[in-house]
Amino acid sequence: MLILLRIALRNLREHRAKTLIIGILISLGITILISGNSLIATAAQGIRRTFIDNYTGDLIITGKTDKEVSVFGVHGNMMSEEVPTLPAYDRLVDKLRSSPDVAQFTPQITGYALINFENQEPNFTMLFGIEPQSYRRMFNSITVVQGSYLQAEEEGILMSRGKIAQIEESTGIRFAVGDPVLLTGFGAAGFKVRELPLVGIFDFTQRSELLDQLAFVDAQSLRSLLGMTVGTREEIPIGTEEVQLLEIDDLENLFGQNMVENASESRESSSWLYEMSESREVPSAPSETDQSSRAWHFLLVKLKDPGRLGAAV
């Protein structure tokens, strides 16, 4: 071993120029490797700060699909492809609430629309339908500079200052908080039009040209624009009396010369039905709000420990 070391040192002394060149190349390679790793780590932190911490969370839950989906829609053709709706939303929420890995979560809907103006070309915008309270607790991606943030159950739209500046430059139309914004949405149900008040103007904490196209709206308004519904099925028991009312044999007599007499009998029947409904509890169908409030595209989840992502999934 000692002999090999002496031979190596002698070779280095005899070939000093080659040794210097090789030493410089090795040092340069190590420097590039360390710098590259540092840049990659910095870029990863930037991505986390820009997207994970502000828009996506550590985990995105959505409906089953063969296509690649992000919070911005279905990749490939985001405006025409329908984002799958979450199945069994209530069960998913219960599961997240009981998970020891979950720190926070919030639901979201993603859509696209055109902002319409009189005698002007419409302007494209991307829409996030949110539940304001949980979204604001989870993401600190915007700062409201005029007006206010969306409140629970409030209908309205939040637009970026960059988007408003773009619209004002191209159309000459000036926006102010409280102005109506006319939106045309396109989804599976075709084109839908809805007018929403501009409740606030904001700046992004991490601004980009793409994000300037993004606006926030209340979830119910975006469901309406996209034609989103959640079907419900309930069995309502029908008694013998109700069945007998449907068993009409003589339709000609009902709409013939004795119509006045039948109308009188109908009033008596209506009175009887009213009294029956007062004295008997009849299950009512869920309201439209109750049904549609379960229609969401995503559940965005922040974990207590992002390193446990695989276990949480």
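In what sense do strand E5 and E10 pair, and over how many bridges? Strand E5, residues 120-130, and E10 pair in the parallel sense, over five bridges. Pairing here requires that DSSP finds at least two bridges between two strands.

Before going on, the basis. This is a predicted model, in which local features need pLDDT of at least 70 and side-chain atom pairs count only at pLDDT 80 or more, while totals for chains, interfaces and linings use all residues. Residues are numbered from 1 along each chain as its sequence is written, and side-chain values use heavy atoms, with hydrogens and water left out. Helices (H or I, at least four residues) and strands (E, at least two) are DSSP runs, numbered from the N terminus.

Now the whole chain. The protein chain has 11 helices and 11 strands. Of its 313 residues, 33% are buried. Buried means under 20% relative accessible area, exposed means over 50%, and partly exposed is in between, with a 1.4 Å probe and protein chains only. The accessible surface comes to about 20100 Å², and carbon and sulfur atoms account for 54% of that. Those areas are from the Shrake-Rupley method with a 1.4 Å probe; for residues, only the protein chains shown count as cover. As for contacts (heavy atoms within 4.5 Å), take those between residues at least 6 apart in sequence: 73% join residues at least 24 apart.

Back to E10. Five of the five residues of this strand, 214-218, are buried, so E10 is largely enclosed by the rest of the structure. Both faces are covered, with Leu214, Phe216 and Asp218 on one side and Ala215 and Val217 on the other. In E10, Phe216 has Phe128 opposite it. E10 also pairs with strand E7, residues 157-160, through three bridges, and these two run antiparallel. There, Met159 stands opposite Ala215.

Next, salt bridges, meaning a side-chain nitrogen of Lys or Arg within 4 Å of a carboxyl oxygen of Asp or Glu. The structure holds five, and I will go through some of them.

One of them joins the side chains of Arg294 and Asp90, at 2.9 Å, N to O. Arg294 lies in the loop between helix H10 (288-292) and strand E11 (298-303), and Asp90 in helix H3 (residues 89-98), so the pair ties together parts that are 204 residues apart in sequence. Arg294 is partly exposed at 36% relative accessibility, and Asp90 is partly exposed at 37%.

Another is between Arg308 and Asp101, at 2.8 Å, N to O. Arg308 is in the loop between E11 and helix H11 (309-312), Asp101 is in the loop between H3 and strand E4 (102-117), and the two are 207 residues apart. Arg308 counts as partly exposed, at 40%, whereas Asp101 is buried, at 14%.

Then Asp203 with Arg161, where the closest N and O atoms are 2.3 Å apart. This pair links strand E9 (residues 190-204), which holds Asp203, to helix H5 (residues 161-171), which holds Arg161, across 42 residues. Asp203 is partly exposed, at 23%, and so is Arg161, at 41%.

Met1, Ile3, Leu4 and Ile7 make a nonpolar patch of about 500 Å². Patches are built from residues with over 30% relative accessible area and no salt bridge, joining like charges within 9 Å and nonpolar side chains (Val, Leu, Ile, Met, Phe, Trp, Tyr) within 5 Å. Met1 is found in the segment before helix H1 (2-14), and is exposed, with a relative accessible area of 86%.
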